Amino acid sequence: MNTIPALFAAPVAVGVISAVLAALISITDRIVNNYGDIDVSINGGKKSLEIKGGQPLLFGLAEQGIFIPSACGGRGSCGACKVKVHSDIGPIMPTELPFLTKEEISDNTRLSCQVKLKQNLDIEIPEELFNVRDYLGTIERIRAVTHDIKEVYVKLPDGEEVNYVSGQYGQFEAPAYDTIKTPTMRAYSMSSPPSDKTHLEFLIRLVPGGIVTTYVHTLLQEGQKIRVVGPFGDFHVRDTDAAMICVAGGSGMAPFKSIFQDRVDNGTINDRDIWYFFGARTKKDVFYLDWLTQLDRDNERFHFVPALSEPQPEDNWDGPTGLITEVLGHYLVEKIPAEQAKEGYLCGSPGMLDACMAVMQAKNMNPEKIYFDKFA
Amino acid sequence: MKMSPEFSKAQKNMQPGEITSAGFLGTDSRNIVEIIEADEERASALGLDFDEFVPVLRRLMEEGRKGLGEPVTVEGRWIVTAYEARGHLASPFEDGVFRKVNAKIVRTENGKPTPDAVLVSDLSLHLMAKYHFLQGRGSAFRLEPDLIQATLA
């Protein structure tokens with residue numbers, strides 16, 4: 001008969017007790033945290049869903065094909081995933097506070113990544129989110145347009161189409177790779193025109209330390225499958241006669257490529273004055289130069305103004321120099337009639353947007369007529 | 001090496017998927033106290049003072065932000081590109097929330113970029129200033145003391 005030597009009795013006992021306790025904890029967790037299926041009513045009953053409880057609302061909705069925008073993949077660090085929750089789900093969490101204004105709080109706005117599905121909910125989301133789809137596309141082409149920006153052209157699955165307004169963005173997902181254990185999504189404006197219904201194109205600039213941009217620039221291959229969710233965003237051209245004052249830098253070019261090509265496609269490129277200010281450091285940082293220069297030549301009401309902040313001798317640059325905000329300010333005073341109605345369209349980093357808005361407002365542009373998607 | 005409850009919690013928060021997808025420790029098998037002590041020792045050997053070089057890095061990052069997302073030459077010695085994304089990041093030590101701003105600082109010679117470059121962020125600078133934490137080996141935001149010295153030379 002085998003007996004456990006006395007030397008090992010205590011460690012074995014501790015091990016057995018630990019295993020039993022762990023099992024008890026696991027069972028208890030499943031019982032206590034088993035919320036079952038939760039009923040979620042959207043927009044006053046327009047859509048009703050039954051979602052597995054216990055998970056964040058953001059993920060639960062996504063499982064049911066309702067995609068709320070998120071720039072951080074649900075980590076509570078971007079504030080993009082706002083929804084109105086008309087049910088009483090308790091006080092605002094500390095993780096939500098940095099992202100909500102007083103008005104939003106009084107309006108029942110919450111971050112859907114921080115709302116756990118524990119009870120039936122009545123929520124409200126922007127109507128356009130019902131148009132958002134989840135696509136498993138194929139990378140048809142990857143092309144370097146500058147040393148740090150890649151143009152990524154995605155073909156949608158056969159039989160599928162995308163409908164969006166030029167200026168909107170999609171969420172592009174990098175799979176898990178290297179030390180990144182989970183897929184990561186980031187938002188990028190679509191640079192393709194809406195007329196191309198079977199493809200989506202993005203301009204993705206390498207951000208040092210950036211998870212998705214590093215993947216795109218080092219690992220992404222033509223022919224590979226890639227997940228894209230969209231379209232999102234309310235950055236679009238307003239239907240007026242006002243002069244469009246458009247400003248971008250780097251990959252901020254993306255929505256404007258879509259917007260300008262869309263206007264060429266539908267014959268409206270000369271319906272109103274369009275000024276496009278594009279800032280870069282040196283000539284090698286400017287791209288689509290030929291296309292934009294040709295648009296300027298071919299269309300009397302389209303004006304392309306590239307500005308270099310630090311042109312190098314080899315650039316032989318005789319165009320505007322300085323930061324794009326300086327050039328913008330100069331043109332708003334010297335070249336664009338002061339009495340002309342204007343709308344601002346901006347795409348770039350939060351810092352660039354703030355600086356451009358300050359210049360535009362200093363030159364008497366109406367802040368309510370300055371439009372942007374504030375993400376990088 | 002045994003850590004205080006504060007550092008043990010921070011170590012947990014630094015794991016991939018907790019605050020950021022990549023985490024703060026890279027592939028380093030050391031705990032954060034070991035990382036900090038080793039880096040403090042190397043910095044001291046190089047004559048680097050955290051109280052001196054961290055403010056320089058922060059100043060360069062802020063100068064870089066003036067480029068509005070494009071590279072900018074600072075003092076004729078560095079090219080700095082500041083990147084910003086929407087939102088904030090929590091410190092793994094649970095002592096603050098920081099803007100998602102990062103900057104690549106490249107030392108130049110005769111106006112041309114050299115290989116001496118560091119990547120900093122609003123959060124990484126806080127961790128350096130307060131805890132002398134330069135992140136684990138393999139982390140994208142890890143700063144080797146030798147590279148700090150070379151870049152700021």
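In the predicted model, strand β10 of chain A, spanning residues 199-205, is mostly covered, with 6 of its 7 residues buried. This strand runs antiparallel to β7 of chain A (residues 149-155), to which 7 bridges join it. Within this pairing, H199(A) of β10(A) is the bridge partner of K155(A). Among the elements of chain A, β7(A) also has the highest mean pLDDT, 98, whereas the lowest, 69, belongs to helix α1(A), residues 6-32. For chain A as a whole the mean pLDDT is 92, and 94% of the residues reach 70 or more.

The largest nonpolar core comprises 98 residues. The members that touch the most other members of this core are F202(A), C246(A), V247(A), Y276(A), F277(A) and C356(A). When neighbours within four places in sequence are left aside, the contacts of F202(A) are V152(A), F172(A), Y188(A), M190(A), S191(A) and A254(A).

Chain A contains 8 helices and 16 strands. Along the principal axes, its C-alpha atoms fill a box of roughly 95 × 50 × 45 Å. Of the 376 residues in chain A, 42% are buried. Contacts in this chain between residues at least 6 apart in sequence include 69% that join residues at least 24 apart.

Three domains are given by the domain assignment of chain A: domain 1 (37-125), domain 2 (132-232) and domain 3 (243-372). The C-alpha centres of domain 2 and domain 3 of chain A are separated by 25 Å. In the contact between these two domains, domain 2 of chain A contributes 18 residues and domain 3 of chain A contributes 15 residues. On the side of domain 2 of chain A that touches domain 3 of chain A, β9 (184-189) and β10 of chain A each supply at least two residues. The most is given by β10(A), with 4 residues. By class, this side of domain 2 of chain A consists of 9 nonpolar, 8 polar and 1 charged residues.

Between the two chains, 27 residues of chain B are in contact with 36 residues of chain A. On the side of chain B that touches chain A, at least two residues are supplied by each of β1, β2 and β3 (97-109) of chain B. The element that gives the most to this side is β2(B), with 7 residues. The residues on this side of chain B are divided by class into 12 nonpolar, 10 polar and 5 charged.

The loop between β1 (72-74) and β2 (78-90) of chain B holds E75(B). This residue is classed as exposed because 10 other C-beta atoms lie within 10 Å, where exposure requires 12 or fewer. Although E75(B) and E63(B) are 12 residues apart in sequence, their C-alpha atoms are 9.7 Å apart in space.

Technical notes. Residues are numbered from 1 along each chain as its sequence is written. Chains are lettered from A and ligands numbered from 1 in the order in which they are written. This is a predicted model: local features need pLDDT of at least 70, side-chain atom pairs count only at pLDDT 80 or more; totals for chains, interfaces and linings use all residues. A nonpolar core is a set of buried Ala, Val, Leu, Ile, Met, Phe, Trp, Tyr and Cys residues joined through C-beta atoms within 7 Å. A residue is buried if 20 or more other C-beta atoms lie within 10 Å of its own, exposed if 12 or fewer, and partly exposed in between; C-beta atoms are placed from the backbone. Two residues are in contact if their C-beta atoms, placed from the backbone, lie within 7 Å. Two strands pair if DSSP finds at least two bridges between them. Ala, Val, Leu, Ile, Met, Phe, Trp, Tyr, Cys and Pro count as nonpolar, Asp, Glu, Lys and Arg as charged, and the others, Gly among them, as polar. Domain bounds come from an automatic or database domain assignment. pLDDT is the predictor's confidence in each residue, from 0 to 100.
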